[in-house]
Amino acid sequence: MILGLPKKTLIIIGVIAAVVVIYAFGQKGQADAQGSPTGCKVSVTADVLNARETAAGNGKVVGKYLRGAEFDAQPVVQNGFRKVADGKWVADSFVTPVSGAKC
């Protein structure tokens, strides 16, 4: 006996702890999207994604995101560009909503 508890009790406690941990990790994607102020959170699918000042391919580059980056966005798409913030747009074809996002 470890800690004065029978082996069977320790196994049950271990299984319950494992279930709680697995559940918590499974809820991560949903919690992240719900924690977004807009409810819209996206992930970058391009190697490097330019953020532009306007919703146009020739707009001034005001930032860059790397593949796998996740960030809050707006549910607004214009001319194939998704609004990220005031004066910041990304090509919508190179981002995908994260699990649980409402984009």
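Mentor: Gladly, and keep in mind that this is a predicted model.

Trainee: Phe94 lies in the loop that runs between β7 (88-91) and β8 (95-97). Why is Phe94 called partly exposed?

Mentor: Its relative accessibility is 39%. Buried would need a value under 20% and exposed one over 50%, so Phe94 counts as partly exposed.

Trainee: And which residues does Phe94 touch, leaving aside those up to four places away in sequence?

Mentor: Its contacts are Ser43, Val44, Thr45, Ala46 and Leu49. Leu49 also has a bridge partner in β3, namely Tyr65.

Trainee: Nice link! How do β2 and β3 pair?

Mentor: Strand β2 (residues 48-52) pairs with β3 in the antiparallel sense, over five bridges. The open sheet of five strands runs in the order β3-β2-β7-β6-β5.

Trainee: What makes β3 and β5 edge strands?

Mentor: β3 (61-66) and β5 (77-78) each have a single partner strand, so one side of each lacks a neighbour in the sheet.

Trainee: Back to Tyr65: why is the pair of Tyr65 and Phe71 called stacked?

Mentor: The ring centres are 3.9 Å apart and the planes meet at 15 degrees. Pairing requires centres within 6.5 Å, and stacking requires planes under 30 degrees apart, so this pair is stacked. The structure holds one aromatic pair.

Trainee: Are these two residues buried or exposed?

Mentor: Tyr65 has 14% relative accessibility and Phe71 has 10%. The cut-off for buried is under 20%, so Tyr65 counts as buried, and so does Phe71.

Definitions and conventions
Residues numbered from 1 in each chain as written. Predicted model: local features only at pLDDT ≥ 70, side-chain atom pairs only at ≥ 80, totals over all residues. Heavy atoms only, no water. Pairing = 2+ DSSP bridges. Helix = DSSP H or I, 4+ residues; strand = E, 2+ residues; numbered from the N terminus. Buried < 20%, exposed > 50% of the residue type's maximum accessible area, 1.4 Å probe, protein only. Contact = heavy atoms within 4.5 Å. Phe/Tyr/Trp six-rings, centres within 6.5 Å; stacked < 30°, edge-to-face > 60°.
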